[in-house]
Amino acid sequence: MSRAQISALVFGVGGFGALVAATASNEWKVTTRASSVITATWVYQGLWMNCAGYIQACRGLMIAAVSLGFFGSIFALFGMKCTKVGGSDKAKAKIACLAGIVFILSGLCSMTGCSLYANKITTEFFDPLYVEQKMGYAYNGATSVLSSRTKYPGAEGDFKTTNPSKQFDKNAYV
């Protein structure tokens, strides 16, 4: 039982560390501004570089997730059977259960913040009237599929995969 608690604490603290790294990261949105193939410029934006309303909401959710993750780690440490702090086994079981609930709330806050940010970026990317940063977005991770699709309004299926052979033929770089 103690081995399972120690591994759960390690995973919880590791998740908390990943959450802190993701919150502080500057790679939430990666934009490319390429005037030609040779001179491409990458612009990185994080949660702390802009003060739009949805970014402030994402920032608040991520800070709440970090705070909840910190307290969840403390509660998990006190709720382990191998520690001397926390009282009887019954009290430690309640503290460990509280730690699990706090970790779940932390995960929900971080998932909501990341999903809200990704939804806004995807909506801006596919909006034909949004011209501010139409130079191109690069998605990291599982959303990289989105960068290879183009939306055609009124077309069959709403999405059409671009054909790379026609897009990058010999006349594309002239």
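Buried here means under 20% relative accessible area, exposed over 50% and partly exposed in between, with a 1.4 Å probe and protein chains only. The structure is a predicted model, in which local features need pLDDT of at least 70, side-chain atom pairs count only at pLDDT 80 or more, and totals for chains, interfaces and linings use all residues. Residues are numbered from 1 along each chain as its sequence is written, and side-chain values use heavy atoms, with hydrogens and water left out.

**View 1. The protein chain and its elements.** The protein chain holds four helices and five strands. Helices (H or I, at least four residues) and strands (E, at least two) are DSSP runs, numbered from the N terminus. Read from the N terminus, the order of the elements is α-β-β-α-α-β-β-β-α. The protein chain has 174 residues, of which 25% count as buried. A contact is a case of heavy atoms within 4.5 Å. Among contacts in the protein chain with a separation of 6 or more, 52% come from residues 24 or more positions apart.

**View 2. Helix α2 and its buried residues.** Helix α2 has 27 residues, and 38 Å separates its first C-alpha from its last, close to the 39 Å expected at 1.5 Å a residue. The expected span is 1.5 Å times one less than the number of residues in the helix. Buried in α2 are Y54, I55, C58, R59, M62, A65, V66, G69, G72, S73, A76 and G79. The cover over these buried residues includes α1 and α3.

**View 3. Helix α1 against helix α2.** Two packed helices are described by the angle between their axes and the distance between the axes. Axes are lines fitted to C-alpha atoms, for helices over the stretch in contact, and angles run from 0 to 180 degrees between N-to-C directions. For α1 (residues 2–24) and α2 the angle is about 160 degrees and the axes are 10 Å apart. This makes α1 roughly antiparallel to α2. Angles under 35 degrees count as roughly parallel, over 145 as roughly antiparallel, 65 to 115 as roughly perpendicular and the rest as oblique. Helix α1 contributes Q5, L9, V13, F16, L19, V20 and T23 to the contact, and α2 contributes M62, A65, V66, G69, F70, S73, A76, L77 and G79. By class, the residues of this contact are 11 nonpolar, five polar and no charged. Ala, Val, Leu, Ile, Met, Phe, Trp, Tyr, Cys and Pro count as nonpolar, Asp, Glu, Lys and Arg as charged, and the others, Gly among them, as polar.

**View 4. Helix α2 against helix α3.** Helix α2 (residues 53–79) packs with α3 at an angle of about 160 degrees, their axes 8 Å apart. The two are therefore roughly antiparallel to each other. Their contact has 25 nonpolar, eight polar and three charged residues. The 38 residues of α3 should span 56 Å at 1.5 Å a residue, and its end C-alpha atoms, 55 Å apart, agree with this.

**View 5. S110 in helix α3.** S110 lies in α3, which covers residues 89–126. With a relative accessible area of 16%, S110 is buried. Other buried residues of α3 include S106, C109 and G113. Beyond its neighbours within four places in sequence, S110 is in contact with L19, M62 and A65.

**View 6. T32 in strand β1.** T32 has its place in β1 (residues 29–34). T32 is buried, its relative accessible area being 16%. V43 is 11 residues from T32 along the chain, and their C-alpha atoms are separated by 6.1 Å.
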